[in-house]
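Hello,

Please find the structure below, handed over for your files. Some notes on what was found follow it.

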Amino acid sequence: MSMQTGLVTSTRQLRTYAPTTDVSVAAPAPRLEIVRAQPAMAPRNLRTEPGPIRFIIIALAITFLSVFVVLPLVVVFASAFSKGIMAYLAALAEPEAMAAIKLTLVVAAISVTLNLVFGVIAAWAISKFEFTGKTFLITLIDLPFSVSPVISGLVFVLLFGAQGFFGTWLQAHNVHILFAVPGIALATIFVTFPFVARALIPLMQEQGTQEEEAAISLGASGLQTFFRVTLPNIKWGLLYGVLLCNARAMGEFGAVSVVSGHIRGETNTMPLLVEILYNEYQFVASFAIASLLAMLALITLVMKTILERRLGETEVADGD
């Protein structure tokens, strides 16, 4: 009887504490929900800076841009028009200024055209084919970004100068490379050739080869595939690269300064003429030429923004 009484007592105790045990197990449930809700709110809190911090960051950015970008442009245009519009136009109408503008446009046209052809070929080869030396080719394309323009100009002096590698042969055949338009064009081509290729390579790699393969399988030739499939897909990236290449070609100073010889009226481009006129204290004429380069920079910036927007729209459309 005592054993039965103990079992009954133990059973009653278990029944008595069973509800309490259920409550203790169910109680942490709300805490689990709170713990799960915290990670969802954490990123939102991390992305939100206090108002004073946001104000300081924006103020620093605007101040930096105003001091190092806007203020120099204002000074250039104010100095160019300091003696009136007639003095400004007279400075641009000088024969030396006209020769510099003409030479700059000619060199830019030559370099952009050749780099356009090279950039498309290089981008097509790198993005559409696998071959030995592909990494080395990409490294060569990026070389002008890491080499000083002055050093690149000096390389052409060592190659085509009077004491250079080809100097004796060039003199014997009365061929002038240095201190002439060909040398200026070569130096400009060297410092600008990565722009078109670098604008097209990631774009063409992202597009892949499916559309070209489909066109060829349907009987299209190589040229038809390029002009009807590849070129329409890369047109905005191509214009973007050409725009940057042209801006760099017109504003190049270091490499051109080494190979030009600074012959007034013959081998001075616009950047070189700005330096010469400034050193001669012809400030209005110097800033007048500089204002043309500044306007080119502003136009380039506007067109660059438009092309970036079109490229973004194209990528979104391709993604859809």
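**Findings**

F68 lies in helix 3, which spans residues 51–80 (helices are DSSP runs, H or I, of at least four residues, numbered from the N terminus). This is a predicted model, in which local features need pLDDT of at least 70 and side-chain atom pairs count only at pLDDT 80 or more, while totals for chains, interfaces and linings use all residues. Residues are numbered from 1 along each chain as its sequence is written, and side-chain values use heavy atoms, leaving out hydrogens and water.

F68 has a relative accessibility of 55% and counts as exposed (exposed is over 50% relative accessible area, buried under 20%, partly exposed in between; 1.4 Å probe, protein chains only).

On the aromatic side, the count is 14 aromatic pairs (rings of Phe, Tyr and Trp, the last by its six-membered ring, with centres within 6.5 Å; planes under 30 degrees apart are stacked, over 60 edge-to-face, the rest tilted). One of them is F165 with F166, edge-to-face at 4.8 Å centre to centre and 90 degrees between the planes. F165 is exposed, at 67% relative accessible area, whereas F166 is partly exposed at 35%. Another edge-to-face pair joins Y278 and F283, with 5.2 Å between centres and 65 degrees between planes. Y278 is partly exposed at 42%, and F283 is partly exposed at 36%.

F165 and F166 also belong to one aromatic cluster, together with F118, F156, F160, F190 and F193.

Regards

Methods:
Helix = DSSP H or I, 4+ residues; strand = E, 2+ residues; numbered from the N terminus.
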